[in-house]
Amino acid sequence: MSELPPNLLVVDFVADYVCPWCWIGRYRLEEALNHLRETKPDLAVRISLRPFELNPDIPPEGMDRAAYAEAKFGSVERAQAMWARVASVAAMDGLEMKFEAIGRQPNTIDAHRLVAWAGTKGRGLALSARLYPAFFREGVDLGDKDILAGLAAEVGLPRDEAAAFLASDTGVEDTRQMEEAGRRGGIDGVPVYLFNRKTSVIGAQPLDRLLEAIDQALA
């Protein structure tokens with residue numbers, strides 16, 4: 001990346017919409033940016049959403065959530081214990097996670113490419129923010145194209161255009177290439193924050209850690 005102006009912060013946020021820590025991480029990123037708006041009002045911020053699939057091998061139609069839990073965590077009971085711990089952390093940030101409401105584990109390639117499409121229309125951040133509660137609080141199937149088109153409409157995008165986009169394969173290859181580039185760069189888990197491509201933070205870290213990394217990137 002060429003030298004950036006001193007009053008610009010570029011944030012690359014790498015995440016998946018079925019990753020509970022990514023929702024927590026996204027919330028904490030917003031907290032950090034709100035802090036910067038107060039302390040550095042002249043700072044411009046540009047956010048780039050980068051895709052990462054936690055479960056790229058899940059079939060396009062998704063799979064039963066219990067079967068997924070069994071395969072990934074060894075048993076439903078073990079998964080439920082882990083989810084309960086995550087939900088308790090999320091609650092401290094005011095985020096409500098209802099893991100019991102999730103019936104299917106989706107393939108998220110369509111969600112990622114739809115967010116990229118929404119970004120070309122100025123609504124990428126809004127749609128990405130809507131996907132997390134849709135999955136974790138409402139339990140909707142993020143692999144269902146009709147549901148995704150409806151969520152796009154909720155954030156002000158034409159539903160018929162979103163549906164037509166999802167019916168095509170536009171953006172599939174671009175999304176996979178971005179994911180592969182991230183993996184080649186060492187990203188094997190999310191969330192990951194990259195600030196001005198200088199400093200990185202892995203995991204849903206607390207506010208002070210994010211602000212520390214941002215200060216380092218701006219220095």
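This report describes the sheet, a helix pair, the salt bridges and the cysteines of a predicted model.

## Basis of the description

Because the model is predicted, local features are described where pLDDT is at least 70 and side-chain atom pairs count only at pLDDT 80 or more, while totals for chains, interfaces and linings use all residues. Residues are numbered from 1 along each chain as its sequence is written, and side-chain values use heavy atoms, with hydrogens and water left out.

Strands of a sheet pair through backbone hydrogen bonds, either parallel or antiparallel. In this model, 4 strands form an open sheet in the order 2-1-5-6, and the pairing is mixed; helices (H or I, at least four residues) and strands (E, at least two) are DSSP runs numbered from the N terminus, and two strands pair if DSSP finds at least two bridges between them. Strand 2 (44–51) and strand 6 (199–202) are the edge strands, each of which pairs on one side only. From one strand to the next, the twist averages 15 degrees.

Strand 5 (residues 192–195) pairs with strand 6 in the antiparallel sense over 4 bridges, and the bridge partner of Leu-194 in strand 6 is Ser-200. Helix 9 (residues 207–218) lies across strand 1 (8–15), strand 5 and strand 6, and runs at about 165 degrees to strand 6. Axes here are lines fitted to C-alpha atoms, for helices over the stretch in contact, and angles run from 0 to 180 degrees between N-to-C directions.

## Helix 1 against helix 3

Two packed helices are described by the angle between their axes and the distance between the axes. Helix 1 (residues 20–39) packs against helix 3 (residues 76–92) at an angle of about 10 degrees, and their axes are 10 Å apart. Helix 1 is therefore roughly parallel to helix 3 (angles under 35 degrees count as roughly parallel, over 145 as roughly antiparallel, 65 to 115 as roughly perpendicular and the rest as oblique). Pro-20, Trp-21, Ile-24 and Arg-28 of helix 1 make the contact with Val-86, Val-89 and Ala-90 of helix 3, where contact means heavy atoms within 4.5 Å.

## Salt bridges

The structure holds 12 salt bridges, each being a side-chain nitrogen of Lys or Arg within 4 Å of a carboxyl oxygen of Asp or Glu. One of them joins the side chains of Glu-161 and Lys-121 at 3.7 Å, N to O. Glu-161 lies in helix 7 (residues 159–167) and Lys-121 in the loop between helix 4 (109–119) and helix 5 (124–136), so the pair ties together parts that are 40 residues apart in sequence. Glu-161 is partly exposed, with a relative accessible area of 38%, and Lys-121 is partly exposed at 39% (buried means under 20% relative accessible area, exposed over 50%, and partly exposed in between, with a 1.4 Å probe and protein chains only).

A salt bridge also forms between Asp-146 and Arg-159, at 3.0 Å from N to O. This pair links distant parts of the chain, with Asp-146 in helix 6 (residues 145–154) and Arg-159 in helix 7, 13 residues apart. Between Glu-138 and Arg-130, the closest N and O atoms of the salt bridge are 3.0 Å apart; Glu-138 is partly exposed at 36%, whereas Arg-130 counts as buried at 16%. Arg-130, Arg-137, Glu-138 and Glu-154 are linked in a network of salt bridges.

## Cysteines

A disulfide is a covalent bond between the sulfur atoms of two cysteines. A search of the whole structure finds 0 disulfides, counted as pairs of cysteine sulfur atoms within 2.5 Å. Cys-19 is buried, with a relative accessible area of 4%, and Cys-22 is buried, with a relative accessible area of 0%.
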